[in-house]
Amino acid sequence: AKEMGSSLERIPEGKGPYSVGCTDLMTGHSIQGSFLRLYYPSQIGTSDEETIWIPNKEYYYGLSDFLNINRTLGGFFFTCNFGSVTCPAKWNAAFKLGEKYPLIIFSHGLGAFRTLYSAICTEMASRGFVVAAVEHRDQSSSATYYLNEKPALGAKGEASELHKEWIYYRKLKAGEDEVALRQQQVQQRADECVRALDLMLDINSGKQIVNVLPLNFNWMLLKDSIDVQKIAVMGHSFGAATTIEALSKNVQFKCGIALDAWMLPLCEEVYPRVRQPLLFINSEKFQWALNILEIKKLNYKDTERKMITIKGTVHQSFPDFTFLTGNIVGKIFGLKGQLNPNTAIDVSNKASLAFLQKHLGLNKDFDQWDSLLEGKGHDVIPGTNIDLPPMPPQSKQ
Ligand SMILES: CCN(CC)CCN(C[C@]12C[C@](c3ccc(C(F)(F)F)cc3)(C1)C2)C(=O)Cn1c(SCc2ccc(F)cc2)nc(=O)c2c1C=CC2
């Protein structure tokens, strides 16, 4: 009975030595504020509450919009199948003190939101990273919200009521130029990643921050907890394009990891401005010549670029849904590839860890997976799996 209806499958736990905590942070009362889900090394036994994977029903309505299904139907479908899914991290567990951790800013894909990549984020946190998964407010998320102070219409309370303002996925209008919209959105997304970085650096410096979400998490414990020389940015698909744009905006991002990069939102002008090391991890199916050709334009001689393809994987092998459906339904909806989803995410995470050790200068044992970066391993090949026409001799860079 592993098919839909009883998602017996679970999102895989982190395999590293640290136990993982999770909490949410929203600053400001407007769209300009930050909204992120934090995954972090936690003190064991300080929380036995599991984290709710999709915390508000409005996310189901947004997903229904994104998938072009009726909200009532979709809401029912999602609630039945995913309403009780938890992600393998302890909700509001106390932050583990005594170490400085490297930081990853994570950017979700089109139609996703901050909670849907918890297998990747909890794995990285279990290996000793602090991971801030931002929720973008560019209308590329299925849904997101901010809390504004304006009392809701007809509210009686004198004290300003906090009212959730929901922003839903913006569909393309008939005849609308998608490239222009995505180019505009990727700029906002990259700015939101930089803002999240600045917020985490403020917290690291001990600055008092106001979390407008009613959560009892002690942010002061994060003072001096981030190794500010070891900061990376990472994302899936539209979030990978965001990663590249964010690298060009802020050199505090020392390297980037692009999972199934969708290059359409990027302008060629940004490519020479990305000098940091970049790892491309591609699924087998999400590859086409024009996209790969754009990626190859980032190949500057004095920059470090790596690309691997994981065999038997699809675009949805990176977000969490790939763990939560039975094999048959999963393959029909393109949520699973031929390769076991746990194996697929394991390969992606280990290659990521090896790359991060190399380019953030970590002194862990992640170099044991360096061979994956060379495309050596049972489930990986180096570079891309599509053959390209020979590259025209590139003009001098
Ligand atoms: C028909 C809609 N049409 C809109 C443009 C295309 C829809 N689509 C393919 C989909 C997402 C799919 C999906 C999800 C989730 C279930 C569920 F049932 F399990 F929930 C089912 C079916 C439908 C596979 C993609 O957009 C693929 N994609 C994605 S998918 C990111 C995502 C979104 C929602 C999630 F819940 C999890 C992950 N992120 C990107 O940055 C980019 C692309 C394409 C180019 C850039």
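Colleague: Is Cys80 buried, partly exposed or exposed?

Modeller: This is a predicted model, and the values that follow are computed from it. The relative accessible area of Cys80 is 43%, and since buried means under 20% and exposed means over 50%, with partly exposed in between, the class that applies to Cys80 is partly exposed.

Colleague: How far from Cys87 is the nearest cysteine sulfur?

Modeller: Cys87 is buried, with a relative accessible area of 0%, yet Cys87 takes part in no disulfide. A disulfide requires the two sulfur atoms to be within 2.5 Å, whereas the nearest cysteine sulfur to that of Cys87 belongs to Cys22 and is away by 4.9 Å.

Colleague: How many disulfides does a search of the whole structure find?

Modeller: A disulfide is a covalent bond between the sulfur atoms of two cysteines. Cys87 is in none, and the search of the whole structure gives a count of zero.

Colleague: Which residue of β4 is the bridge partner of Cys22?

Modeller: Strand β1 (19-26) pairs with β4 (residues 86-91) in the parallel sense, over two bridges. With β2, by contrast, β1 runs antiparallel and is joined by eight bridges, and there Cys22 stands opposite Tyr39. In β4, the bridge partner of Cys22 is Trp91.

Colleague: Is β1 largely enclosed by the rest of the structure or largely open, and how many of its residues are buried?

Modeller: A residue counts as buried when its relative accessible area is under 20%. Strand β1 is largely enclosed by the rest of the structure, because the number of its eight residues that are buried is seven.

Colleague: Which strands stand at the edges of the sheet?

Modeller: The open sheet has 11 strands in the order β3-β4-β1-β2-β6-β5-β9-β10-β11-β12-β13, with mixed pairing. An edge strand has a single partner, so one side of it is left without a neighbour in the sheet, and this holds for β3 (50-52) and β13 (380-382).

Colleague: In β13, which residue is the bridge partner of Thr309?

Modeller: Strand β12 (residues 305-310) is joined to β13 by three bridges, and the two run antiparallel. Within β13, the residue that partners Thr309 is Ile381.

Colleague: At about what angle does α4 run to β5?

Modeller: Helix α4 lies across several strands, namely β1, β2 (35-42), β5, β6 (130-134) and β9. The angle is taken between N-to-C directions on a scale from 0 to 180 degrees, and for α4 and β5 it is about 155 degrees.

Colleague: Which elements are included in what covers the buried residues of α5?

Modeller: Helix α5 (residues 238-249) has 12 residues and reaches 17 Å from its first C-alpha to its last, close to the 16 Å expected. Because 11 of these 12 residues are buried, α5 is largely enclosed by the rest of the structure; among the buried ones are Phe238, Thr243, Glu245 and Ser248. The cover includes β5 (101-107), α4 (178-204), β9 (226-236), β10 (255-259) and β11 (278-283).

Colleague: Which elements do the buried residues of α1 pack against?

Modeller: Helix α1 (residues 57-66) is mostly covered, with seven of its 10 residues buried, including Glu58, Tyr60, Leu63 and Asp65. Just after α1, Asn68 takes a positive phi of about 55 degrees. The buried residues of α1 pack against β2, α2 (71-82), β7 (143-148) and β8 (163-168).

Colleague: Is Asn92 buried or exposed?

Modeller: Asn92 is placed in the loop between β4 and β5, and beyond its sequence neighbours its contacts include Cys22, Tyr40, Ser47 and Phe217. Its relative accessibility is 16%, and because the cut-off is under 20%, Asn92 counts as buried.

Colleague: What distance separates the C-alpha atoms of Gly377 and Pro55?

Modeller: Gly377 lies in the loop between α9 (370-373) and β13, and at 42% relative accessibility it counts as partly exposed. Gly377 and Pro55 are 322 residues apart along the chain, and their C-alpha atoms are separated by 38 Å.

Technical notes
Residues are numbered from 1 along each chain as its sequence is written. This is a predicted model: local features need pLDDT of at least 70, side-chain atom pairs count only at pLDDT 80 or more; totals for chains, interfaces and linings use all residues. Side-chain values use heavy atoms; hydrogens and water are left out. Helices (H or I, at least four residues) and strands (E, at least two) are DSSP runs, numbered from the N terminus. The expected span of a helix is 1.5 Å times one less than its number of residues. Buried means under 20% relative accessible area, exposed over 50%, partly exposed in between (1.4 Å probe, protein chains only). Contact means heavy atoms within 4.5 Å. Two strands pair if DSSP finds at least two bridges between them. Lists of a residue's contacts leave out its neighbours within four places in sequence.
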